[in-house]
Amino acid sequence: MEKDEKDRRQKRRIRQAFGFFQDPSKFPHSHGHDGCPRELFVPVEVVSGKDIPFPERVENATVPLPIGNGQTNSSPALVYQKLDVLDIQEGMRVLDVGAGTGQVSGIMSLLVGDVGEVVYTELRADLYWHARAVLEFALGRENIRFHLGN
């Protein structure tokens, strides 16, 4: 397979994991039945009461969103660029250190497929439990191992 074709296929897989089925140029939001909707990964207690009403506008936000303790959920454009550079393929085993809200781990779990694995690690217990609830229970991801602590 030619490199250009491989690159196009990889970019398509990343867009699908995000849920950008209609217009790949509009990757501020990660909506889609097979994707990882961003609004699921931003803690409600952090967003509610602020200038971004939850969940109506979270999925359309193009900027990093606060997740507490001065930390943010990366902007979708930055996440897309990182995933593009990583070139994650089906069957890979990927370590996500400081995984925060878990959205990137969720996207990576789609990219590695059923035969691959993502290892999610996080120090903050609140983020760990929120991410685990969303990924494992709400989205049913079975190819992610969760680790709390160092």
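1. Helices here are DSSP runs of H or I with at least four residues, strands are runs of E with at least two, and both are numbered from the N terminus.

2. Before going on, a word on what you're looking at. This is a predicted model, where local features need pLDDT of at least 70, side-chain atom pairs count only at pLDDT 80 or more, and totals for chains, interfaces and linings use all residues. Residues are numbered from 1 along each chain as its sequence is written, and side-chain values use heavy atoms, with hydrogens and water left out.

3. Now the overall layout. The protein chain has 5 helices and 5 strands, and along the sequence they run α-α-β-β-α-β-α-β-α-β. Of its 150 residues, 41% are buried (under 20% relative accessible area; exposed is over 50%, partly exposed is in between, with a 1.4 Å probe and protein chains only). Take the contacts (heavy atoms within 4.5 Å) between residues at least 6 apart in sequence: 57% of them join residues at least 24 apart. The chain exposes about 8300 Å², and carbon and sulfur atoms supply 53% of that; the areas come from the Shrake-Rupley method with a 1.4 Å probe, and for residues only the protein chains shown count as cover.

4. Back to helix 4, residues 103-112. Because 8 of its 10 residues are buried, helix 4 is largely enclosed by the rest of the structure. The buried ones are Gln103, Ser105, Gly106, Ile107, Met108, Ser109, Leu111 and Val112.

5. The largest nonpolar core has 21 residues, and Leu83, Ile88 and Tyr120 have the most contacts inside it. (A nonpolar core is a set of buried Ala, Val, Leu, Ile, Met, Phe, Trp, Tyr and Cys residues joined through side-chain atoms within 4.5 Å.) Helix 3, helix 4, strand 4 (117-122), helix 5 (125-138) and strand 5 (144-148) each give two or more residues to this core, with helix 5 giving the most, 5 residues. In soluble globular proteins, nonpolar side chains tend to be buried together.

6. Next, the largest pocket, which holds about 420 Å³ of space. Of the 22 residues that line it, Ser74, Asp96, Gly98, Ala99 and Val104 are the closest to its centre. Strand 2, helix 3, strand 3 and helix 4 each give two or more residues to the lining, and helix 3 gives the most, with 4. By type, the lining divides into 10 nonpolar, 9 polar and 3 charged residues. Here Ala, Val, Leu, Ile, Met, Phe, Trp, Tyr, Cys and Pro count as nonpolar, Asp, Glu, Lys and Arg as charged, and the others, Gly among them, as polar. As for the method, a pocket is an open set of points on a 1 Å grid over the protein atoms alone, where a 1.4 Å probe fits, with protein on both sides within 12 Å along at least five of seven lines; lining residues have an atom within 4 Å of a point. Points are joined across faces, edges and corners, and the volume is the space filled by probe spheres set on them.

7. Two serines to look at together: Ser74 lies in the loop between strand 2 and helix 3, and Ser75 is in that loop too. Ser74 is partly exposed, at 25% relative accessible area, whereas Ser75 is buried, at 12%. Leaving aside neighbours within four places in sequence, Ser74 contacts Arg38, Pro64, Val79 and Lys82, while Ser75 contacts Arg38, Thr62, Val63 and Pro64. Ser74 and Thr62 are 12 residues apart in sequence and 9.3 Å apart in space, C-alpha to C-alpha.

8. Asn69, in the loop between strand 1 (65-68) and strand 2 (71-73), has a positive phi of about 55° and is exposed, at 66% relative accessible area. Asp87 also has a positive phi, near 55°; it sits in the loop between helix 3 (76-86) and strand 3 (93-97) and is partly exposed, at 26%. Asp7, found in helix 1 (residues 3-18), is 80 residues from Asp87 in sequence and 8.7 Å away in space, C-alpha to C-alpha.
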